[in-house]
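Welcome, and have a look at the model below.

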Amino acid sequence: ALVARRLGASQHAAVAAGLFTAVMPCVHGAATIYYYDLPFLSLVWLSVLCLLPRPGAKPLVMGVSAGLAFAAACIAKWSALPLGIPFLFGAMLVGVRGGRRQRVSTGLACLLTIVVLLALVLISSDASLQDTLRSQADSSTTEDSIFGLRTKTGDLLPRAAYLATHFITGALSPLLALSFLGLGALWLMRDRRGLPLVLLGSLGSISFAT
């Protein structure tokens, strides 16, 4: 809701985004199984919020706060690294024309904060990271693949088609998907301020899932 408010400068957009997320049945269904997904995804979106440009914000404060939130997301669940990094890059590209130097400073502060904090965590113990790597490995391949990325590529198109279909039928429902597509088309025609965030975040999530 806060990200939508900052991107669209609209209270109505914020309310709509918050309600849409809150009432999706798949979110509540997954919440009973995936115990760490809600906190790590919430922290990823908090880091995105911190990176979005706003009047009077200081690049150092924006970058450090985003880095703290993203490092916390990784500590909650290491899947935040491959899933969240595309969202961070997308947030960095929003509004980059108006202040490229400030955005670079913000990005460097964010990156340095993440690297330092995660390095301290891994120096202390890398057991949780190793557990994540083992849980994400695909048993059908001859080599373990980091963060679930598979060595076989022949089934990528069928998997992508399955995920797209399941997203429509299982996550949204066909009726809600039609509304989603219609509103998305209207947004593309009228605004597009958050397009880098939407594109990079979506492509990153799809790539990870396939």
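Here is what the computed values say, grouped by topic.

This is a predicted model, in which local features need pLDDT of at least 70, side-chain atom pairs count only at pLDDT 80 or more, and totals for chains, interfaces and linings use all residues. Residues are numbered from 1 along each chain as its sequence is written, and side-chain values use heavy atoms, with hydrogens and water left out.

**Second largest pocket**
- The second largest pocket holds about 380 Å³ of space.
- Its lining has 18 residues, and L88, F89, G107, C110 and L111 are the closest to the pocket centre.
- Helices α6 (80-93) and α7 (100-124) each give at least two residues to this lining, and the largest share, nine residues, belongs to α7.
- By class, the lining has 16 nonpolar residues, one polar and one charged.
- A pocket here is an open set of points on a 1 Å grid where a 1.4 Å probe fits, with protein on both sides within 12 Å along at least five of seven lines, and lining residues have an atom within 4 Å of a point.

**Nonpolar surface patch**
- F167, I168, F180 and L181 make a nonpolar surface patch of about 380 Å².
- Patch residues have over 30% relative accessible area and no salt bridge, with nonpolar side chains joined within 5 Å; a salt bridge is a side-chain nitrogen of Lys or Arg within 4 Å of a carboxyl oxygen of Asp or Glu.
- Helices α9 (156-172) and α10 (174-190) each supply at least two of the patch residues.
- F167 lies in α9 and is partly exposed, at 41% relative accessible area.

**G90**
- G90 lies in helix α6 and is buried, with a relative accessible area of 0%.
- Buried means under 20% relative accessible area, exposed over 50%, and partly exposed in between, with a 1.4 Å probe and protein chains only.
- The C-alpha atoms of G90 and V48 are 8.5 Å apart, across 42 residues along the chain.

Notes: Grid points are joined across faces, edges and corners, and a volume is the space filled by probe spheres set on the points. Helices (H or I, at least four residues) and strands (E, at least two) are DSSP runs, numbered from the N terminus. Ala, Val, Leu, Ile, Met, Phe, Trp, Tyr, Cys and Pro count as nonpolar, Asp, Glu, Lys and Arg as charged, and the others, Gly among them, as polar. Patches are made of residues with over 30% relative accessible area and no salt bridge: like charges are joined within 9 Å, nonpolar side chains (Val, Leu, Ile, Met, Phe, Trp, Tyr) within 5 Å. Accessible areas come from the Shrake-Rupley method with a 1.4 Å probe; for residues, only the protein chains shown count as cover.
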